[in-house]
Amino acid sequence: MRDPYSVLGVKRNADADEIKAAWRTKAKSVHPDHNLDDPSATGRFAEVGQAYDVLKDPDKRRRYDKAADMHQTIMQQRESARQAEERAKAARANAEKVMEELARANAQRAQNQSQTQAKAQSQAQSQSQAQAQTQSAGEDAEDMIERIFGSGDEAADAAREKAATQARAKAQQQAQAQQQAQAKAEARPEQNTGSTSDATETADDNAARTDAKTDTKTDTAPRPPLPMQAVELVAALVRRWRGVAPEKAPDLTAEVIVTLDDLIAQNTVPMHLADERDVRLPLEAGMTDGHVVRMKGQGIKMPSPIARGDLVVTVRVARHERFRLEGFDLHTVLAISLEDAVLGTETEVETPGGKVPVTVPAWSGSDRSISLDGLGLADGAGGRGALVVELRVVLWEKPDEKVTDLMKHMRHGLYV
């Protein structure tokens, strides 16, 4: 059934008088007697009656409003899950791009290290140039992220500025040490070749060589292996996007189609996921068509320390041959004859648990419904929905002359 408010053309906050007036106006305009050439008039007239039957009863109206709000919430959750899936796809694509960039950086770093080792026995100036080339070629995770995706937040900029300042200070210290060593060598007399001078010069040379080796080892130290660098890059990427370390991987979304019988019996249904995994979903009280279930730790798996994501499942109820599900209420159709519609009757209606008696009041048309409370789905709060019996008036298989004559008299305003 469509939204009863839109069927009657009233707002959601309309009072009982406005609803009744709107129903009378709509019923007159779509009545089959006034629309003989319209084959859909009967259906539209029944729809108007159903909408009025829902809105005139405060309990039914409250249940419908609750179900409509829940449906709106489910649609919002579904949209959020879809957006999260799109963000996850974008993150995976960016991670692949980072891996390719990392492989190229490692190849460049290996080439620069070979050049540095070939120039290790050259003069100190050549070593300084080789070290500068090695440092410029070796990018860390944060620098590579910045080059690919742009600069990050203020904290990251401050950290890079601090690192650059420290590097300039270290270069100045090395230059000053070389100048002091050169000044000592020029001030030392040429004729003084004693054991003390030789020992001092040898010690200075050893210290200089030791400093050079230490700097070379520091700058040409081996990087972590490729898988570990990939994890660091992904973590740095997420930190740049979110500003914090990721708590868990993105969620995995899926849909499962269940039967109404499984939902009523609260069975456990199997699911086959897109990553070729099989999981089982237990159906519980409070679930209905469109219900969203979050299964902890069943989503996308990523390397440690990123925790595994969740599996977000949307429950879809398959079409049933006898019942229609709306929220936690079950709807069914009961066909009655013309005389039963006019005079009323006692009959039985089919429910998921078997047949139950139902009383059809006198003068009940196809626009009327009978609500049997407690025969719907469990709502998860200790209660159950209702079984809504929608009446449908049917004629006899063969025309009856007396009834036909009576209808003719009624159409022309002649009552017998």
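Val342 belongs to helix H11, which spans residues 338–343, where helices (H or I, at least four residues) and strands (E, at least two) are DSSP runs numbered from the N terminus. This is a predicted model, in which local features need pLDDT of at least 70 and side-chain atom pairs count only at pLDDT 80 or more, while totals for chains, interfaces and linings use all residues. Residues are numbered from 1 along each chain as its sequence is written, and side-chain values use heavy atoms, with hydrogens and water left out.

**Surface around Val342**
- Val342 is partly exposed, with a relative accessible area of 33%, on a scale where buried means under 20%, exposed over 50% and partly exposed in between (1.4 Å probe, protein chains only).

**The open sheet**
- Three strands form an open sheet in the order S1-S5-S4, with mixed pairing, two strands being paired if DSSP finds at least two bridges between them.
- Strand S1 (252–258) and strand S4 (292–295) stand at the edges with a single partner strand each, so one side of each is left without a neighbour in the sheet.
- S4 and strand S5 (residues 311–317) run antiparallel and are joined by four bridges, and Arg294 stands opposite Val312 in S5.

- Val7 is placed in helix H1 (residues 4–8) and counts as buried, at 5% relative accessibility.
- Apart from neighbours within four places in sequence, Val7 is in contact (heavy atoms within 4.5 Å) with Arg2, Lys26, Glu47, Val48 and Ala51.
- The C-alpha atoms of Val7 and Trp23 are separated by 9.1 Å, the two residues being 16 residues apart along the chain.
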